[in-house]
Structures are given as C-alpha cells and as structure tokens.
Amino acid sequence: MYKILILTFLSSLLFHVGCSQSNQVATTKVEETSQKPGPAVEKIEKTEEEWRAQLSETEFYILREKGTERSFTGKYWDNKKDGIYFCSGCNLSLFDAETKFKSGTGWPSFYQPIAKGHVIEYTDSSHGMARTEVVCGRCDGHLGHVFNDGPNPTGLRYCINGNILQFKEK
Ligand SMILES: [Zn+2]
C-alpha cells in the first residue's frame with residue numbers, strides 16, 4: 001500500500017512537471033540528471049579467450065570487435081515492451097525502455113542511457129566518418145554510436161546493436 005502511494009505521488013509529480021514547466025526547465029533537469037555521478041561502476045576485464053568462451057559469435061563480433069549487425073535483423077529494434085535493457089557481456093543496466101523511441105533505422109534507439117557511467121562515449125574516426133562510439137561502462141564492450149539527431153528531451157540518438165542487449169520486462 002505504501003509503495004502504491006509513493007508511485008501515485010511520483011506519477012502526479014511527473015505529470016505536474018511535464019505539464020507546467022517550460023522546455024528550458026525540463027532540459028536543465030535532464031542535464032542535471034545525466035551529470036549526476038551515479039554509484040561507481042566497477043570495471044570487468046577479461047582476456048580475448050575468456051570473452052570468446054562466454055559470448056556467442058555474434059556478441060563477440062559486436063562487443064569485442066566493434067562489429068555492427070545489419071539493420072532490422074537484430075533483437076529488440078521493434079520491441080515496445082516496458083523494461084530494462086542490459087549488456088550481454090556483463091549484465092550492467094544500460095537503457096530504460098521509457099527512453100526508447102521509433103527511429104526507423106532498424107536498430108534499437110534510445111535518447112538517454114539509464115545512468116551516468118553505464119554508457120561511455122569515445123570519438124570514432126574509423127570508416128572515414130567522425131562518429132561517437134558508445135561502450136559499456138563496465139566491460140568496455142562496443143554497443144553502437146550516438147548521434148545528435150534524436151528527439152527531445154536530449155536531442156540524442158543512441159543507436160545500439162540489439163544482439164548485445166538483454167531485455168528484462170518490468
Ligand atoms: Zn558490459
């Protein structure tokens with residue numbers, strides 16, 4: 001009962017914020033949230049042999065060799081269920097389904113990682129393109145890329161390989 005009351009309170013609070021505040025305030029709120037230092041993520045390091053033994057061939061290709069699955073062929077690009085997406089390599093939570101949106105790309109797309117430090121960005125100049133690579137904060141596994149053409153409230157599009165995600169329904 002107590003939990004229900006809290007949830008009701010939070011929902012009304014969110015509704016209130018969403019409906020009555022200006023865009024500027026909402027944007028600031030997101031920035032504060034994304035900059036807030038979360039609990040430190042402890043790194044996992046394994047040898048190539050250990051990763052090969054643990055991961056499927058596809059997971060190894062994407063996570064450890066920075067591969068990319070073909071669009072519309074991987075997992076979850078069309079998944080609309082409510083839940084959390086975890087890293088296949090180390091089980092760290094990466095994205096909340098609440099931040100997933102329809103991008104039309106054929107890859108699962110999110111506008112924000114679940115917490116700071118869970119998804120880390122690197123400059124990627126391979127293939128003659130200036131892109132920003134995103135990797136798992138715990139196992140350094142390659143996840144995909146982030147682009148600046150996403151929807152509000154962040155304007156970001158985290159384009160992620162579905163085959164290295166594990167979805168758990170809420
Ligand atoms: Zn990981």
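## The five-stranded sheet

Five strands make up an open sheet with antiparallel pairing, in the order S3-S7-S6-S5-S4. Strand S3 (109-110) and S4 are the edge strands, and each of them pairs on one side only. Strands here are DSSP runs of E with at least two residues, helices are runs of H or I with at least four residues, and both are numbered from the N terminus. Two strands count as paired if DSSP finds at least two bridges between them. Strands of a sheet pair through backbone hydrogen bonds, in either a parallel or an antiparallel way.

Strand S4 (residues 119-124) and S5 run antiparallel and are joined by six bridges. One of the pairs is Val119 with Cys136 of S5. S4 and S5 form a hairpin with six residues between them, and His127 in the turn has a positive phi of about 60 degrees. S6 and S7 are also antiparallel, with four bridges; Gly144 has Ile160 in S7 as its bridge partner.

## The model and its confidence

This is a predicted model, in which local features need pLDDT of at least 70, side-chain atom pairs count only at pLDDT 80 or more, and totals for chains, interfaces and linings use all residues. Residues are numbered from 1 along each chain as its sequence is written.

The mean pLDDT (the predictor's confidence in each residue, from 0 to 100) is 85 for the chain, and 78% of the residues reach 70 or more. Over residues 4-35 the pLDDT is below 50. Beyond near neighbours in sequence, this stretch has eight contacts in the model. Two residues are in contact if their C-beta atoms, placed from the backbone, lie within 7 Å.

## The chain as a whole

The chain has four helices and eight strands. Read from the N terminus, the order of elements is α-α-α-α-β-β-β-β-β-β-β-β. Among the contacts with a separation of 6 or more, 60% are between residues 24 or more positions apart.

Of the 170 residues in the chain, 27% are buried. A residue is buried if 20 or more other C-beta atoms lie within 10 Å of its own, exposed if 12 or fewer do, and partly exposed in between, with C-beta atoms placed from the backbone.

Strand S1 (residues 83-87) and S8 run antiparallel and are joined by five bridges. Ile84 lies in strand S1, and its bridge partner in S8 is Lys168. Is Ile84 buried, partly exposed or exposed? Ile84 is partly exposed, because 17 other C-beta atoms lie within 10 Å. Leaving aside neighbours within four places in sequence, Ile84 is in contact with Ser93, Asp96, Ala97, Ile114 and Lys168. The C-alpha atoms of Ile84 and Gln166 are separated by 8.3 Å, although these residues are 82 residues apart along the chain.

## The nonpolar core

A nonpolar core is a set of buried Ala, Val, Leu, Ile, Met, Phe, Trp, Tyr and Cys residues joined through C-beta atoms within 7 Å. The largest one has 25 residues, and those with the most contacts inside it are Cys87, Leu94, Leu143, Tyr158 and Ile160. At least two residues of this core come from each of helix H4 (57-63), S1, S2, strand S5 (131-136), strand S6 (142-147) and strand S7 (157-160). In soluble globular proteins, nonpolar side chains tend to be buried together.

Not counting residues up to four places away in sequence, Ile160 touches Trp107, Pro108, Phe110, Leu143, Gly144 and Leu165.

## Backbone details in the loops

Most residues other than glycine have a negative phi, and most peptide bonds are trans. Lys66 is not a glycine, yet has a positive phi of about 55 degrees. Lys66 is in the loop between H4 and S1 and counts as partly exposed, with 16 C-beta neighbours inside 10 Å.

Phe72 is also found in the loop between H4 and S1. Phi of Phe72 is positive, near 65 degrees. Phe72 is exposed, because 11 other C-beta atoms lie within 10 Å.

Asn152 and Pro153 are joined by a cis peptide bond, with omega about 10 degrees. Pro153 is in the loop between S6 and S7.
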